[in-house]
Amino acid sequence: MNIELRHGSGGEETGKLIASLFAKYLGNPILDRMEDGAVLPPLSGVPVMTTDSFVVSPLFFPGGDIGRLSVCGTVNDLASMGARPLYLTAGFILETGLSTDVLEPIVRSMAETAKEAGVTIVAGDTKVIEGKGGLYINTAGLGDRAPACEISAGNLHDGDAILVTGTLGDHHAVILTERMQMKTTLTSDCAPLNHLVEALLAAKLPVHTIRDITRGGLATVANELAAASGVSITLSEEALPVREEVKALSGILGLDPLTMGNEGKMLIALPAAEAETALRILRALPYGTEAEEIGRVSTGSGVHLETLYGGRRRILALRGEGLPRIC
């Protein structure tokens with residue numbers, strides 16, 4: 001069946017679509033009430049909320065799809081604040097002509113990813129617009145964190161170690177090669193990372209800053225954090241984890257892995273004395289096996305790279321559009 005305008009009318013066809021597809025995969029005691037809002041139990045900590053929209057093309061790619069991406073992106077935003085992700089909402093904008101054979105596996109993927117992350121989708125909405133079979137998803141996420149938690153973009157300290165949870169540029173490379181119809185062995189790193197953060201906090205490590213490395217890549221994230229904290233960040237080119245396939249693709253197309261986006265990698269900053277402990281915890285978990293220490297924080301400003309040849313150069317945030325759109 002293809003989506004038509006009548007499926008967004010709010011009438012019988014809308015009800016059938018919700019019941020046969022969205023409720024089938026996303027149903028739970030809160031959502032099943034089908035009310036105008038979700039009534040949630042009290043939170044145990046300080047509320048943390050985020051929102052995001054997802055417009056990636058193609059809708060399916062090696063290692064994921066727009067449904068998994070939408071859950072991971074929202075969960076990771078909450079986790080980057082030191083919050084425990086609890087609840088999500090999902091708004092679907094469907095273009096006429098979209099087949100339910102395309103929509104159904106995406107909704108199923110959202111349900112599976114939410115279960116993996118340990119979050120519940122408690123409210124949703126569906127709109128249908130004229131188009132050519134496209135699909136866009138908007139999400140909001142709610143979580144809580146300990147009142148004493150001070151994880152923030154502005155909390156980098158002189159002497160902090162900079163860690164990344166894995167290789168850079170994988171998701172960007174996958175979306176780009178799919179758009180170009182190139183065959184590679186790469187898969188997207190799209191993943192929920194909240195369990196990595198929870199493990200670090202459970203170990204009582206004094207984590208200062210976390211940021212998921214999405215659009216704009218590590219270079220953009222590092223510059224944003226350095227500016228927010230009023231410090232300098234120095235990265236080691238030798239320590240940067242980049243797959244050989246991504247290096248090769250970057251060389252051919254004139255890309256820089258430092259500005260290529262990811263959907264399952266985080267930058268984590270904490271006192272250098274705790275770096276080895278943090279790496280040991282991260283590497284013991286599924287999405288942190290390739291974690292590395294890649295730099296240090298010092299007084300000053302800006303982001304610099306110590307090159308393989310012993311030089312030092314300034315690293316700037318991405319300028320312009322980092323094609324293709326990765327999320």
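**Close-up 1. Cys190 and its closest cysteine sulfur in this predicted model.** The sulfur atom of Cys190 finds its closest cysteine partner in Cys72, at 3.8 Å. A disulfide calls for sulfur atoms within 2.5 Å, so this pair is too far apart for a bond. Cys190 has a relative accessible area of 3% and is therefore buried. Elsewhere, Cys149 is buried too, because its relative accessibility is 17%, under the 20% limit. How many disulfides does a search of the whole structure find? The search ends with zero.

**Close-up 2. Helix α2 beside helix α3.** Here we meet α2, residues 66–79, packing with α3, residues 100–117. Their axes lie 7 Å apart, at an angle of about 30°. Angles under 35 degrees count as roughly parallel, so that is the description for α2 and α3. Their crossing is right-handed.

**Close-up 3. The residues that join α2 to α3.** On the α2 side, look for Ile66, Gly67, Arg68, Ser70, Val71, Cys72 and Val75. They meet Ile106, Ser109, Met110, Thr113, Ala114, Glu116 and Ala117 of α3. By type, the residues of this contact are eight nonpolar, four polar and two charged.

**Close-up 4. Val56 in its loop.** Val56 sits in the loop between β1 (46–54) and β2 (60–61). Is Val56 buried or exposed? With 2% relative accessibility, Val56 counts as buried. Beyond its neighbours within four places in sequence, Val56 is in contact with Phe61, Ile66, Leu69, Ile175, Arg325, Ile326 and Cys327. One of these, Ile175, is 119 residues away along the chain, yet the C-alpha atoms of Val56 and Ile175 are separated by 8.5 Å.

Technical notes: Residues are numbered from 1 along each chain as its sequence is written. This is a predicted model: local features need pLDDT of at least 70, side-chain atom pairs count only at pLDDT 80 or more; totals for chains, interfaces and linings use all residues. Side-chain values use heavy atoms; hydrogens and water are left out. Axes are lines fitted to C-alpha atoms, for helices over the stretch in contact, and angles run from 0 to 180 degrees between N-to-C directions. Helices (H or I, at least four residues) and strands (E, at least two) are DSSP runs, numbered from the N terminus. Angles under 35 degrees count as roughly parallel, over 145 as roughly antiparallel, 65 to 115 as roughly perpendicular and the rest as oblique. A crossing is left-handed if the near helix is turned anticlockwise from the far one by less than a right angle, and right-handed if clockwise. Contact means heavy atoms within 4.5 Å. Ala, Val, Leu, Ile, Met, Phe, Trp, Tyr, Cys and Pro count as nonpolar, Asp, Glu, Lys and Arg as charged, and the others, Gly among them, as polar. Buried means under 20% relative accessible area, exposed over 50%, partly exposed in between (1.4 Å probe, protein chains only).
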